[in-house]
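Thanks for sending this one over for a second pair of eyes. Please have the chain open while you read, and hop to each residue as it comes up.

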Amino acid sequence: MNSQCERRMNNVGGRRPIWLAGPRSGSFRGAARVLTQLVLILIAESSVVMAADEPAAGQGAGGIPTRITLRSSHFALRTDLPRPEAEETLSRMEASLKQAVRYWRREPRGQIACYVVDDLNHWPDSALPHPLARVWVGGVGGATISEFTNVQGKIRVKATVYALARPGIAEHEVIHAYCYQTFGEGGPDWYKEGMAQLVSLHAADAARVGCPEELVRVLDKSSPNRIRDLLQEGRFTRDISHAFGALLANRSDPHRHVPMSDWTGQNAETLRLAERHYVRSWALCHMLLCNPNYAARFRALGDSFLTKGRDSFDTAFASVSEEMAFEYAFFLDHVDVGYRVDLCRWDWQKRFFTLDEQELVSVRIEAARGFQASGLKLQAGHRYGYATTGSWGTSAERPATDASGDLHGSGRMVGAVMSKYQLDEPFELGQQGEFVAATSGNLYLRCRDAWNQLHDNQGTIHVRFAPPSKRGR
Ligand SMILES: [Zn+2]
């Protein structure tokens with residue numbers, strides 16, 4: 001027997017979301033087994049309660065809203081929300097599930113039980129199957145617990161979602177519940193948490209719509225940006241898992257649920273410390289899913305996580321690890337609302353030549369892209385001539401310009417030299433001219449515009465490089 005649970009935190013104001021993954025293996029395994037048993041017993045009790053409970057919305061005694069159950073083929077939603085809001089929540093959960101099916105391409109298995117709580121005071125312990133439900137909802141924001149049972153040799157997974165009735169929380173938990181109920185797996189922490197957030201925010205369209213505001217707002221750009229650090233964190237929710245185990249074990253009354261009063265400032269701090277990893281996981285998943293250089297590998301890796309339970313990140317990305325590390329760091333440096341990972345992908349396949357190897361190098365540069373490979377390999381101290389034809393513009397409204405751009409420098413052609421995956425400071429080019437290479441390396445070019453506003457750019461510029469004496473020949 002095994003047990004999984006996921007949690008997501010969102011403060012009540014909804015400004016700083018946090019995502020958490022729960023017990024999985026190692027030292028917590030023993031506690032997880034206990035958890036699962038508790039879940040099973042309490043679920044059996046609560047199913048009786050639910051069957052006998054009032055089915056319709058309305059006001060109970062003392063003006064406290066009664067709880068209602070809405071059912072669809074995918075969900076049994078139990079909530080204290082008024083019926084119109086409950087229906088709205090259910091439709092958001094359905095939309096989230098639809099995105100999961102669209103991405104992972106497998107129909108969901110079974111019905112997912114969900115407890116969506118507007119006010120914990122409306123819920124006696126008997127109405128919440130899990131003894132940690134109160135702290136999950138009140139302290140964390142949301143959790144999904146999966147019970148694994150062996151039914152005549154077949155492993156069945158039943159996922160139950162607990163979520164505070166705030167936009168985004170139930171949708172996130174639904175992704176966890178779908179993964180566990182459908183595949184029996186969620187992948188490593190960085191994958192399941194990053195993807196739960198990404199997919200619940202409509203991953204299928206992520207590349208087209210750009211980086212969402214929710215991610216940009218919580219992303220801490222100041223700390224180091226290495227993928228390795230994120231992967232090596234492994235189970236970055238271990239501390240909070242232990243905290244939940246302790247809350248359960250140290251209850252003053254083992255017959256009652258863990259009350260919110262047991263949730264300490266230290267528990268909240270443990271959650272806060274994990275926040276950075278959740279956001280970084282989301283950012284990494286966004287970058288890998290939206291970047292055509294890695295999207296296919298990332299999908300295959302995810303499929304192997306979910307269907308084979310295998311963690312093979314290094315194998316999947318071994319041949320492109322340096323390129324990927326560069327692009328992830330570049331993404332974190334430049335990301336803003338609307339930043340398009342697909343448009344800013346780097347061309348790693350293009351071959352570069354010095355002017356000794358090839359007398360003339362020519363390339364077409366699109367305005368609606370980030371830095372693009374010129375094919376020219378610069379040698380420090382050498383002088384280069386270039387000439388351009390064509391026009392481009394940095395928005396649909398602004399008039400097109402040549403590669404000199406407008407009076408404010410927008411639309412000007414800019415170059416940057418990359419060597420050993422290090423990018424030098426960009427320098428200005430223009431419609432035509434000469435320059436001396438400050439460093440050796442591969443030259444990349446772009447049309448200058450805000451990094452998060454490339455999608456509406458128009459036009460291309462054709463550039464030719466030659467030694468100054470031969471320019472224009
Ligand atoms: Zn989560």
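The points below go from the overall picture to single residues.

1. First, the ground rules. This is a predicted model, in which local features need pLDDT of at least 70 and side-chain atom pairs count only at pLDDT 80 or more, while totals for chains, interfaces and linings use all residues. Residues are numbered from 1 along each chain as its sequence is written.

2. On confidence, the protein has an average pLDDT of 83, with 82% of the residues at 70 or above; pLDDT is the predictor's confidence in each residue, from 0 to 100. Please treat residues 1-58 with care: pLDDT is below 50 there, although the stretch has 121 contacts in the model beyond near neighbours in sequence. Two residues are in contact if their C-beta atoms, placed from the backbone, lie within 7 Å. Where pLDDT is low, the predicted coordinates should not be read in detail.

3. Now the overall make-up. The protein has 13 helices and 16 strands, taken as DSSP runs numbered from the N terminus (helices are H or I, at least four residues; strands are E, at least two). Of the 473 residues, 43% are buried. Here a residue is buried if 20 or more other C-beta atoms lie within 10 Å of its own, exposed if 12 or fewer, and partly exposed in between, with C-beta atoms placed from the backbone. Among contacts between residues at least 6 apart in sequence, 73% join residues at least 24 apart.

4. Which residues have the most contacts inside the largest nonpolar core? They are C114, V161, A163, V174 and L284, in a core of 86 residues. Helix α10 (residues 265-290) supplies the largest share, 12 residues. Apart from this core lies another, of 24 residues, including I365, L378, M413 and L445. A nonpolar core means a set of buried Ala, Val, Leu, Ile, Met, Phe, Trp, Tyr and Cys residues joined through C-beta atoms within 7 Å. In soluble globular proteins, nonpolar side chains tend to be buried together.

5. Leaving out residues up to four places away in sequence, C114 touches F75, A76, L77, R78, M93, V161, A163 and A170.

6. Helix α5 (residues 189-200) is worth a look. 12 of its 12 residues are buried, so α5 is largely enclosed by the rest of the structure. Among them are W190, K192, E193 and M195. After α5 comes H202, with a positive phi near 70 degrees.

7. Next, an open sheet of four strands, paired antiparallel in the order β8-β16-β10-β14. β8 (361-366) and β14 (432-436) each have a single partner strand, so one side of each is left without a neighbour in the sheet. From one strand to the next, the twist averages 25 degrees; axes are lines fitted to C-alpha atoms, for helices over the stretch in contact, and angles run from 0 to 180 degrees between N-to-C directions. β8 and β16 (residues 458-466) share six bridges, and E366 stands opposite T460. Strands count as paired if DSSP finds at least two bridges between them.

8. With β15 (residues 441-447), β11 forms six antiparallel bridges, and M418 has N442 as its bridge partner. Two bridges join β11 to β13 (residues 427-428), also antiparallel, with V414 opposite E428. Two antiparallel bridges link β11 to β12 (residues 422-423), where S419 faces Q422. That hairpin has two residues between the strands, and K420 takes a positive phi near 50 degrees.

9. R105 has a positive phi of about 55 degrees and sits in the loop between α2 (83-104) and β5 (112-117). R105 is exposed, with 9 other C-beta atoms within 10 Å. Q152 has a positive phi near 50 degrees, in the loop between β6 (141-151) and β7 (154-164). With 5 C-beta neighbours inside 10 Å, Q152 counts as exposed.
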